[in-house]
Amino acid sequence: MHIPENYLSPSTCAVMAAAMVSVWTYSVKKVKEEIPKVKMPLLGIGAAFSFLGMMFNIPLPGGTTGHAVGGTLIAILTGSPSAGCIAVTIALLIQALLFGDGGILAFGANCFNMAFILPFLGFAIYKLIWEKTGKRKLAAGIGSYIGINAAAFCAAIEFGIQPLLFTDAAGKALYCPYPLTISIPAMMIGHLTLFGIAEIVLTTAILAFVEKISPETLEEKPAQSAFKPLYILMAVLIIFTPLGLLASGTAWGEWGVEEMASLVSNGKALGYTPAGMEKGFSLASLFPDYSMAGMPEWIGYILSAVVGVAIIVIFFKLLAGSKKDKIDFSKGQSV
Amino acid sequence: MQNQEKNNSFLPSWMCETEQYVPSIDKDGFITKSTQAVLGVLSKLKWKEGKDGCLSASPSLKLCYTFLYILLTACSKNYVFSLIMAGGTILALATYPAETMKQILSGTFGAVLFSALILLPAVFIGNPQILLIITTKVFVSVTLIGILSAGTSWNKLTASLRSFHIPDIFIFTLDITLKYIAVLGEICMEILTSLRLRSVGQNRKKAQSFSGILGISFLKSREMAEEMYAAMCCRGFVGEYKTQKTSTFRKQDILSLLLMIGVTGIFIYFEGLWK
């Protein structure tokens with residue numbers, strides 16, 4: 001699921017990275033609060049563990065093997081999806097920087113899929129099912145399966161919107177050439193079957209092992225990470241934002257073609273400046289106010305998702321900030 | 001008397017027969033593949049750690065220009081510019097010793113092959129030039145990253161993140177991660193080796209040990225985290241991790257800066273010409 005360089009347009013990468021910045025800020029803060037400093041080294045070592053976990057080839061029925069991401073597992077083991085987010089982010093950073101696996105520009109997008117959607121949604125579902133049924137392994141299995149598939153779905157959408165949004169004057173795709181009709185099945189078939197199963201195997205098998213060998217490890221998770229339904233809402237909303245694009249697919253697609261045609265006909269006079277790439281890049285990240293006026297529909301969709309996330313994150317940060325004094329005090333006591 | 005008996009004795013007939021032991025074919029995919037993957041990571045992290053050349057710029061600047069070049073390559077719509085970047089990258093690659101070059105190119109080759117394979121169907125959809133364009137760009141990006149990681153020692157690379165105002169806790173975590181991938185990787189290797197040694201004859205249950213291997217390494221990692229925290233406390237850790245700011249401008253950096261300006265100029269020129 002590692003998106004390589006140059007498959008996404010730089011503007012898409014910028015939007016995803018901007019979304020991730022707020023998630024990272026939130027996660028770092030949350031981790032500082034949730035995880036006592038006794039466990040700070042665990043973050044790094046947990047990241048090392050998740051990195052190594054990706055190296056293992058899980059045997060699957062039919063003689064094939066697959067490797068899992070394990071974001072949900074880290075979230076469950078540490079009891080905090082924020083820790084899972086940071087651990088997977090760092091594993092991804094090392095892969096991108098040192099092993100050339102996944103692009104540097106696409107780092108934001110990769111993190112959005114695998115370090116945000118995957119652990120947060122996976123953990124939310126795990127928590128929900130576990131609380132309802134009391135079956136930890138079942139909950140973990142379902143959570144991780146849905147988590148990885150949601151992540152793959154996001155990646156498929158990121159791929160699929162490229163040829164719709166970014167074309168040259170002749171209407172040829174500039175980046176990933178496959179539309180949603182190809183990218184979604186291509187990504188989802190693999191993940192619904194092989195990689196999804198690999199993720200379930202990884203998560204439940206290790207959870208079962210840890211549960212058996214040292215059950216106390218799982219119990220000592222911080223109590224305050226209890227999940228608000230708001231989290232789930234947030235995750236679901238983000239997934240459904242691009243779905244909104246899909247739902248109005250025909251209308252939106254037609255509009256896109258018409259718009260493109262008019263662009264080209266105007267383009268004789270204007271030149272090909274409105275390719276929208278650099279423009280989109282600066283609009284989305286640098287001048288949000290300016291871009292609100294007369295922006296194309298697709299920026300609106302993505303931007304509103306990003307803004308929505310940002311507002312929720314700010315809300316949570318403020319909420320956490322109001323409690324901060326108390327927590328800091330108790331931390332000071334435990335020195 | 002006894003000695004004489006011993007001297008006269010012959011080897012029993014069953015000992016003289018040549019044995020026809022052919023071990024039954026055992027599926028070994030799980031251990032072999034996982035061992036290879038872990039060893040690959042370990043060798044990259046421990047034994048092939050990047051080395052600075054005497055002429056190379058400071059790590060933060062390296063990170064900076066690598067990012068800039070990748071960004072410009074991704075943004076360019078002019079194939080000529082991509083070709084110029086490819087040329088420059090090959091030129092830079094040429095200055096490295098063969099061993100390093102092989103290491104960098106092995107990564108590049110995989111990525112280029114992969115993207116060529118993925119983009120092949122696009123040729124039949126009616127988008128033939130995309131194959132060439134994206135493959136070239138992928139080549140440039142992956143090679144640049146390869147050069148960065150092969151030509152910079154990694155503790156300097158993580159320290160250079162400091163100059164990009166990345167939170168301390170992030171750098172601290174990254175640092176620990178890199179070190180403990182090696183430590184935990186060795187533990188994984190040891191467990192995998194012991195699993196291989198014990199799988200005499202046919203062992204169909206090898207894959208079942210999978211959860212054990214990773215479960216044990218997780219528990220080990222927790223243990224190590226606690227030990228590390230204790231060690232940190234002994235050295236005066238109070239919950240704040242500060243990285244030292246190292247922003248030294250060196251003479252060698254001027255060359256890289258000039259190159260950055262030059263490449264940006266070329267980019268603007270070509271994109272402008274295209275309009």
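A: This is a predicted model. In it, α4(A) is followed by A:G100, whose phi is positive, near 65 degrees.

Q: OK, and α4(A) itself, how far apart are its end C-alpha atoms?
A: They are 25 Å apart. At 1.5 Å a residue, the 18 residues of α4(A) should span 26 Å, so the two values agree.

Q: Is α4(A) largely enclosed or exposed?
A: Largely enclosed by the rest of the structure, because 17 of its 18 residues are buried. A residue counts as buried if 20 or more other C-beta atoms lie within 10 Å of its own.

Q: At what angle does α4(A) pack with α9(B)?
A: The angle is about 65 degrees, and the axes are 10 Å apart. Helix α9 of chain B covers residues 168-198. α4(A) passes α9(B) in a right-handed crossing.

Q: Which residues make that contact?
A: From α4(A), they are A:I86, A:I90, A:L93 and A:I94. From α9(B), they are B:T173, B:L174, B:T177 and B:L178. By class, the contact has six nonpolar, two polar and no charged residues.

Q: Zooming out, how many residues of chain A are in contact with chain B?
A: 59 residues of chain A are in contact with 64 residues of chain B.

Q: Which element gives the largest share on the chain A side?
A: That is α2(A), with 12 residues. The elements giving two or more residues to this side include α1, α4 and α8 of chain A. By class, the chain A side has 39 nonpolar, 12 polar and eight charged residues.

Q: You mentioned α1. How many of the residues of α1(A) are buried?
A: 19 of its 25 residues are buried, so α1(A) is mostly covered.

Q: And what span should α1(A) have?
A: At 1.5 Å a residue, its 25 residues should span 36 Å. The end C-alpha atoms of α1(A) are 35 Å apart, which agrees.

Q: New topic. How do α3 and α5 of chain A pack?
A: Helix α3 (residues 71-78) and helix α5 (residues 107-133) of chain A pack at an angle of about 55 degrees, with axes 8 Å apart. They are therefore oblique to each other. α3(A) passes α5(A) in a right-handed crossing.

Q: Which residues meet there?
A: A:G71, A:T72, A:I74, A:A75 and A:I76 in α3(A) meet residues of α5(A), among them A:M114, A:L118 and A:F123.

Conventions. Residues numbered from 1 in each chain as written. Chains lettered and ligands numbered in written order. Predicted model: local features only at pLDDT ≥ 70, side-chain atom pairs only at ≥ 80, totals over all residues. Axes fitted to C-alpha atoms, helices over the stretch in contact; angles between N-to-C directions. Helix = DSSP H or I, 4+ residues; strand = E, 2+ residues; numbered from the N terminus. Parallel < 35°, antiparallel > 145°, perpendicular 65-115°, else oblique. Left-handed = near helix turned anticlockwise from the far one by under 90°. Contact = placed C-beta atoms within 7 Å. Nonpolar A, V, L, I, M, F, W, Y, C, P; charged D, E, K, R; others polar. Expected span 1.5 Å × (residues − 1). Buried ≥ 20, exposed ≤ 12 C-beta atoms within 10 Å, placed from the backbone.
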